[in-house]
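Student: I would like to go through some labels attached to this structure and see what each one rests on.

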Amino acid sequence: MTDPLLSLEDVRAGYGMTEVLQGVSMDVERGSVVSLVGRNGVGKTTTLRSIVGNITPNGGSITFNGEDITTLTSETTIRRGIGFVPEERRIFPELTVRENIRMGEIGSESPDGPSVDDVLDMFENLAEREHRDGSVLSGGEQQMLAVGRALTADPDLLLLDEPTEGLAPYVVRQIEDLIRELNEQGITVLVVEQNIPVALEVSEYTYILEKGKIVHEGTAAEIQDDEDVLDRHLGVGVTD
């Protein structure tokens, strides 16, 4: 890649005595959408948590925007320009939509980030429900809210962990459109996605993770057309 915004070099990480990542190396080119795919339990979420600073790698290095961020905390990486939307979304059910979005501003120290009103302007459904509690939102609306909250910190890189899980097909299409829209606005996106067709549809480049190691990489189009790779590493075929 010619201009990596994010680089992982031989990253090893895990929980306690369990090493989940066993030497992960990958690049995310500035301005791109990259997907990280693999079966359940292979280390995809651990990779994102290592990048954002939720866990500290046991070895290797992570470089973001030319700076070594391997040992930085999540609060610091967010200030550096990394946004993270976890699989469980972590919205505050007793806060309103507007209050949830405002929570994203806390500690971000980014005067250039979009305001709460700017975020609401991006999401029509959320704007219509801005004074309702997060607990009454649908799964798709909660996902949009989690993304909108992350945007208030004005990230250069957005990490999305399973953004379409459990959502109806028509909502999945909305999430796909949102990823493309954010990328067109200049945000680099790294998406972990169990829905392989979605991952390959929205991304330009794809890494396949297996047992804590990258076992294959290539353009999304190449992988989409390679039935042997899909079957061997993912156990799926991609059809229209």
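**Labels and their grounds**

Student: Why is Phe-92 called partly exposed?

Tutor: This is a predicted model. Phe-92 has 36% relative accessibility. Buried means under 20% and exposed means over 50%, so Phe-92 counts as partly exposed. Phe-92 sits in the loop between strand 6 (82-85) and helix 3 (97-103).

Student: What makes Phe-92, Met-103 and Ile-106 a nonpolar patch?

Tutor: A patch takes residues with over 30% relative accessible area and no salt bridge, and nonpolar side chains are joined within 5 Å. Phe-92, at 36%, is over that limit. Together with Met-103 and Ile-106, Phe-92 forms a surface patch of about 280 Å² accessible area.

Student: How do you know that strand 9 and strand 10 pair?

Tutor: Pairing needs at least two bridges. Strand 9 (residues 205-210) and strand 10 (residues 213-219) are joined by six, so they count as a pair. The two strands run antiparallel. Leu-209 is opposite Ile-214 of strand 10. Two residues lie between the strands of this hairpin, where Lys-211 has a positive phi near 50°.

Student: What makes up the lining of the largest pocket?

Tutor: The largest pocket holds about 570 Å³ of space. It is lined by 23 residues, and those closest to its centre are Ile-78, Phe-84, Met-103, Gly-104 and Arg-149. Lining residues have an atom within 4 Å of a pocket point. Helix 2 (74-80), strand 6 and helix 6 (139-151) each give at least two residues to the lining. Helix 2 has the largest share, with four residues.

Key. Residues numbered from 1 in each chain as written. Predicted model: local features only at pLDDT ≥ 70, side-chain atom pairs only at ≥ 80, totals over all residues. Heavy atoms only, no water. Patch = residues over 30% accessible without salt bridge, like charges linked within 9 Å, V, L, I, M, F, W, Y side chains within 5 Å. Areas by Shrake-Rupley, 256 points an atom, 1.4 Å probe, with all protein chains shown as cover. Salt bridge = Lys/Arg side-chain N within 4 Å of Asp/Glu carboxyl O. Buried < 20%, exposed > 50% of the residue type's maximum accessible area, 1.4 Å probe, protein only. 1 Å grid on protein atoms, 1.4 Å probe; cavity = no way out; pocket = protein on both sides within 12 Å on 5 of 7 lines; lining within 4 Å. Points joined across faces, edges and corners; volume = space filled by probe spheres on them.
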